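Work through the exercises below with the sequence and the model in view. Each task is followed by a solution in steps.

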Amino acid sequence: MSSPTCSDCAHYYQHYIRTHRRFVEIHDGHCVAAPRARNRTPDTPACDKFLPRPDRT
């Protein structure tokens, strides 16, 4: 198994843009783990505040 990335973390929020009446993911997001929000990309290696994202099934 590969090492976790920000996109696997519950603290990571993906950014989207609206184009042609729909929302599309962009290669950007932010982390809300304390003490402040930080800009991150989905493939950034997870930090020490990593919390696995719960299943969305």
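**Exercise 1: Lys49**

Lys49 is partly exposed, its relative accessible area being 37%. The classes are: buried, under 20% relative accessible area; exposed, over 50%; partly exposed, in between (1.4 Å probe, protein chains only). This is a predicted model, in which local features need pLDDT of at least 70 and side-chain atom pairs count only at pLDDT 80 or more, while totals for chains, interfaces and linings use all residues. Residues are numbered from 1 along each chain as its sequence is written, and side-chain values use heavy atoms, with hydrogens and water left out.

Task: state where Lys49 lies and which residues Lys49 touches.

Step 1. Find the segment after β3; Lys49 lies there.
Step 2. List the contacts (heavy atoms within 4.5 Å). Not counting residues up to four places away in sequence, Lys49 touches Cys9, His11, Ala33, Ala34 and Arg38.
Step 3. Take Tyr12 as a reference: Lys49 is 37 residues from Tyr12 in sequence, and the C-alpha atoms of the two are 11 Å apart.

**Exercise 2: Gln14**

Task: find which backbone oxygens the side chain of Gln14 reaches.

Step 1. Locate Gln14 in strand β1.
Step 2. Read off the distances: the side chain of Gln14 reaches the backbone oxygen of Ile26 at 2.4 Å and that of Asp28 at 3.0 Å.
Step 3. With residues up to four places away in sequence left aside, Gln14 touches Glu25, Ile26, Asp28, Gly29 and Pro42.

**Exercise 3: the whole chain**

Task: describe the elements, the extent and the burial of the protein.

Step 1. Count the elements, taken as DSSP runs numbered from the N terminus (helices: H or I, at least four residues; strands: E, at least two). There are zero helices and three strands, in the order β-β-β from the N terminus on.
Step 2. Along the principal axes, the C-alpha atoms fill a box of roughly 40 × 30 × 20 Å.
Step 3. Of the 57 residues, 18% count as buried.
Step 4. Among contacts between residues at least 6 apart in sequence, 43% join residues at least 24 apart.

**Exercise 4: confidence**

Task: say in which strand confidence is lowest and in which highest.

Step 1. The protein averages 90, and 95% of the residues score at least 70.
Step 2. Compare the strands: the mean is lowest in β3 (residues 38–40), at 91, and highest in β1 (residues 12–19), at 96.

Terms used:
pLDDT = per-residue confidence, 0-100. Polar contact = N/O pair within 3.5 Å; in protein donor to acceptor, adjacent residues only side chain to side chain.
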